[in-house]
Amino acid sequence: MDKKQSDSESSRPTVAANELGLVLQPGGSKKLAEIRRKVQTNLPPVEPANVDHEIPADLKPEIAAELKKARKLVDERIAAIMSCFPAGKQNKMFGFRYGSVDAIKRMAMNAAFKRLGMPDNQVRMRLIAGLDYYGNEAGIGEG
């Protein structure tokens, strides 16, 4: 029986598969196309600037201008940091190093600048140091 088994094995043709084909055609799935587009652009999800978070009207114009400038700098810094992390893990890795984005926006501007490693001479910090990103008195310090 051993001879019969070895004869049948040797008489079988060997097959090699060298081609790999796609399971779906490139335009066949909208979900896969969306995932592919997100991966290719590799941009971090950025909150639209000042859409839901208007600067309070009771602030003096020069303070509001400095706060607006500081908010832009903070948003740009957060986006720059997140772009260094792999897609899909950006929020988690940012949170490990800096804390959550919401927590940073709720702390005082001088503490937020320090946490993000930004120089505070880009704005007149003495005017906005005690305010948070939204223009309210800061509720969270540097902690």
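Mentor: Gladly. Let's start with burial: in this predicted model, 27% of the 143 residues of the protein chain count as buried.

Trainee: What makes a residue such as Y134 count as buried?

Mentor: Set its value against the cut-off: buried means under 20% relative accessible area. Y134 has 10% relative accessibility, so Y134 counts as buried. Y134 is found in the segment after α7 (125-128).

Trainee: And how far is Y134 from M109?

Mentor: They are 25 residues apart in sequence, and their C-alpha atoms are 9.9 Å apart in space.

Trainee: Which residues does M109 touch, leaving aside those up to four places away in sequence?

Mentor: Contact means heavy atoms within 4.5 Å. By that test M109 touches L67, A70, R71, V74, M125, I128, A129, L131, D132 and Y133.

Trainee: Which residues touch the most other members of the largest nonpolar core?

Mentor: That core has 30 residues, and F94, M109, F113, L116 and I128 touch the most other members. Two or more residues come from each of α3 (61-83), α4 (90-98), α6 (109-115) and α7. The most come from α3, which gives 9.

Trainee: How many helices and strands does the protein chain have?

Mentor: The count is 7 helices and 0 strands, so from the N terminus on the order reads α-α-α-α-α-α-α.

Trainee: What share of the contacts with a separation of 6 or more joins residues 24 or more positions apart?

Mentor: In the protein chain, that share is 58%.

Conventions:
Residues numbered from 1 in each chain as written. Predicted model: local features only at pLDDT ≥ 70, side-chain atom pairs only at ≥ 80, totals over all residues. Heavy atoms only, no water. Helix = DSSP H or I, 4+ residues; strand = E, 2+ residues; numbered from the N terminus. Buried < 20%, exposed > 50% of the residue type's maximum accessible area, 1.4 Å probe, protein only. Core = buried A, V, L, I, M, F, W, Y, C linked by side-chain atoms within 4.5 Å.
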